Amino acid sequence: MRVTDTSDLWWKSAVIYCLDIETFHDSDGDGIGDLGGLAERIDYLAELGITCLWLMPFYPSPDRDDGYDLTDFYGVDPRLGTLGQLVEVVRTAHDRGIKVIADLVVNHTSDQHPWFRASRRSTSNRYRDHYVWRDTEPPDTSKLVVFPDREDSIWELDERTGEWYLHNFYKHQPDLNLANPEVVDEVLRTVGFWLELGFDGFRVDGIPFLEQSSKNSGDPALAVDPHELMRTIRAFLNRRSGSAMMLGEVNLPHAQQRAFFGGESADELQMQFDFIGMQASYLALAREDARPLVKAISQRPAIDDTCQWATFLRNHDELTLDKLTDAQRQEVFAAFGPEPEMQLYDRGLKRRLPTMLGGDPRRIRMAYSLMFSLPGTPTLYYGEEIGMGEDLEADGRMAVRTPMQWTAGRNGGFSSAPPGRLVQRVVPGACSPEHVNVVAQRHDPDSLWSFMRKLISIRRTCPELGWGTWSVVEQDQPQVLVQRCDLDGTAVVTVHNLGAEPATVEVPVDPGGDGLEAVDLMADEVVTGESAARVVLDGYGFRWWRVRPTGDLAIP
């Protein structure tokens, strides 16, 4: 691997941090986070070690779906600031070595978008075909709805024209007709616009629904090939910016995920979230048995060297467990969300990791170390670095979209507004800002924040995990996972004990007598020059080693 590869394909070595501007930091005291507040916190992200910032939707919106219901693809919601302030955020992030990507929502708009407001006026206006309509009563589609507590169909009758429009999500989010070349052209203009303003790529929302929309339309003329669409966007992206990337939300089986990478051609998405690996992680944690995770990672399809998996333990949605069997899902529910108010739609959890793990600092740190050690690009959701909890009284997915907790003071230092004016209340109880906040942890060497900063720093020195060849070191204790990633004569070896009881394992270091030694990356010291090392792990213990030629003076 050449050093230049790590910049040309920067996403393979990135550490991604996702945040929602409206809940991150409020600079003007109106109770809503804003771009001015984010700009003030860019140095915080740089200090933490983040190299890629993913911004959730900041576009103008009625905000009925946390900004994913857009009314303008080319603007900034006035509640959050101005286009000029957004450019300043991007410029400041770049100055600190941080890439910035934006959510690209191509599946739907708000029903308040000018296109849809025009579309529903008549069956013959020029924007009618921007959306998916039918003139016959649809069949029962209740089993296809994404939000069964809110919707009972994916079709909605529009009284004005007497026809039905398609909405895979909420009825206030009509699906775009991506079989219409004019709509695709608008998508490409959107991509080009934000690239011109300095963005480095996009997280592409809801990709599985692109294909589902065409199938559910019932009209062959509206059939959309989502792969052709991804290839079209990718080709445009490459023409405009050779270093920009697309990170896809593709919660599908492995074979379909490989297709969205572009297969052998590698001409679609550069990155995809590893939903299957994430769900297997929770099953492994619940069982205290590494085998479900090993199986999930082993079954990942082969992908091109320019492509990458994004690993994560939490994101802004419910913790979906839809790829587990019913019995496996119940195991995870029993372990991490046994109460009905902790669950959502019988398929996921509305909790954050620290509360799911009972606040056990050993287990929390092991879980994050495990996630960072997996082959791929680690992705954090804001607040994970300090162990934020959730607000179970909040509606649905909003339980994990609470204000960032900066201080122990009022509103957690998020805003100077009266608490009743906040965009959402701060987390109450044991995980409130009084107990969990940045200021208390930032200068405490034993805090979760300090641990996460060190973990990120170590991960950034381990290109093996983004570029190398992954393997599992076989041993006879199912609660222990020993992984190895090899690259150009060195390797990173990680050992994780998923169990509460201590464990001892033999880890090969130099079985072939090639003159290799192991360096402890957490302690920054040589731990062995032997053919194998006996590793004693506490309950939920872990180790990070680099295996290298003996006496190598390179920075470990």
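Trainee: Where does the model come from, experiment or prediction?
Mentor: This is a predicted model.

Trainee: OK. How many helices and strands does the protein have?
Mentor: There are 17 helices and 22 strands.

Trainee: And what radius of gyration does the protein have, next to that of a compact globule?
Mentor: The protein has 24 Å, and a compact globule of 556 residues would be near 24 Å, so the two agree. Along the principal axes, the C-alpha trace spans about 80 × 55 × 50 Å.

Trainee: How much of the protein is buried?
Mentor: Of the 556 residues, 62% count as buried. The accessible surface comes to about 21200 Å², and carbon and sulfur atoms hold 48% of that.

Trainee: What share of the contacts comes from residues 24 or more positions apart?
Mentor: They account for 69% of the contacts with a separation of 6 or more.

Trainee: Switching to helix α14. What span should α14 have, and how far apart are its ends?
Mentor: Helix α14 covers residues 361-373, and at 1.5 Å a residue its 13 residues should span 18 Å. The end C-alpha atoms are 18 Å apart, which agrees.

Trainee: Is α14 largely enclosed or left open?
Mentor: Ten of the 13 residues of α14 are buried, so the helix is largely enclosed by the rest of the structure.

Trainee: Which ones are buried?
Mentor: Arg-363, Ile-364, Met-366, Ala-367, Tyr-368, Ser-369, Leu-370, Met-371, Phe-372 and Ser-373.

Trainee: What caps the N-terminal end of α14?
Mentor: Asp-360 does, with a side-chain oxygen 3.0 Å from the backbone nitrogen of Arg-362.

Trainee: Now Asn-497. Where is it, and is it buried or exposed?
Mentor: Asn-497 is in strand β17, which covers residues 490-497. Its relative accessibility is 0%, so Asn-497 counts as buried.

Trainee: Which backbone oxygens does the side chain of Asn-497 reach?
Mentor: A polar atom of that side chain lies 2.9 Å from the backbone oxygen of Glu-501. The side chain of Asn-497 also reaches the backbone oxygen of Asp-538, at 3.0 Å.

Trainee: What else is in contact with Asn-497?
Mentor: Leaving aside neighbours within four places in sequence, the contacts of Asn-497 include Met-366, Gln-479, Val-480, Pro-502, Leu-537 and Tyr-540. Met-366 is also one of the buried residues of α14.

Trainee: Next, the sheet with β6. What is the strand order?
Mentor: Three strands form an open sheet in the order β4-β6-β5, with antiparallel pairing. The edge strands are β4 (133-134) and β5 (155-158), each pairing on one side only.

Trainee: How many bridges join β6 to β5, and how many to β4?
Mentor: Four bridges join β5 to β6, and β4 pairs with β6 over two bridges.

Trainee: Which way do the β6 side chains point?
Mentor: Glu-163 and Tyr-165 point one way, Trp-164 and Leu-166 the other way, and all are buried. In a regular strand, side chains alternate between the two faces of the sheet.

Trainee: What about the turn between β5 and β6?
Mentor: The two strands form a hairpin with four residues between them, and Gly-162 in the turn has a positive phi of about 70°.

Trainee: Where is Gln-173, and what does it touch?
Mentor: Gln-173 lies in the loop between β6 (163-166) and α6 (181-196). Not counting residues up to four places away in sequence, Gln-173 touches Asp-65, Tyr-68, Asp-69, His-108, Thr-109 and His-167. Gln-173 is at 0% relative accessibility, so it counts as buried.

Trainee: Last one, Val-224. Where is it?
Mentor: Val-224 is in the loop between α7 (208-217) and α8 (226-240). At 14% relative accessibility, Val-224 counts as buried, because the cut-off is under 20%. Its C-alpha atom is separated by 6.3 Å from that of Leu-178, 46 residues apart along the chain.

Technical notes. Residues numbered from 1 in each chain as written. Heavy atoms only, no water. Expected span 1.5 Å × (residues − 1). Buried < 20%, exposed > 50% of the residue type's maximum accessible area, 1.4 Å probe, protein only. Polar contact = N/O pair within 3.5 Å; in protein donor to acceptor, adjacent residues only side chain to side chain. Rg over C-alpha atoms; globule rule 2.2 N^0.38 Å. Contact = heavy atoms within 4.5 Å. Areas by Shrake-Rupley, 256 points an atom, 1.4 Å probe, with all protein chains shown as cover. Pairing = 2+ DSSP bridges.
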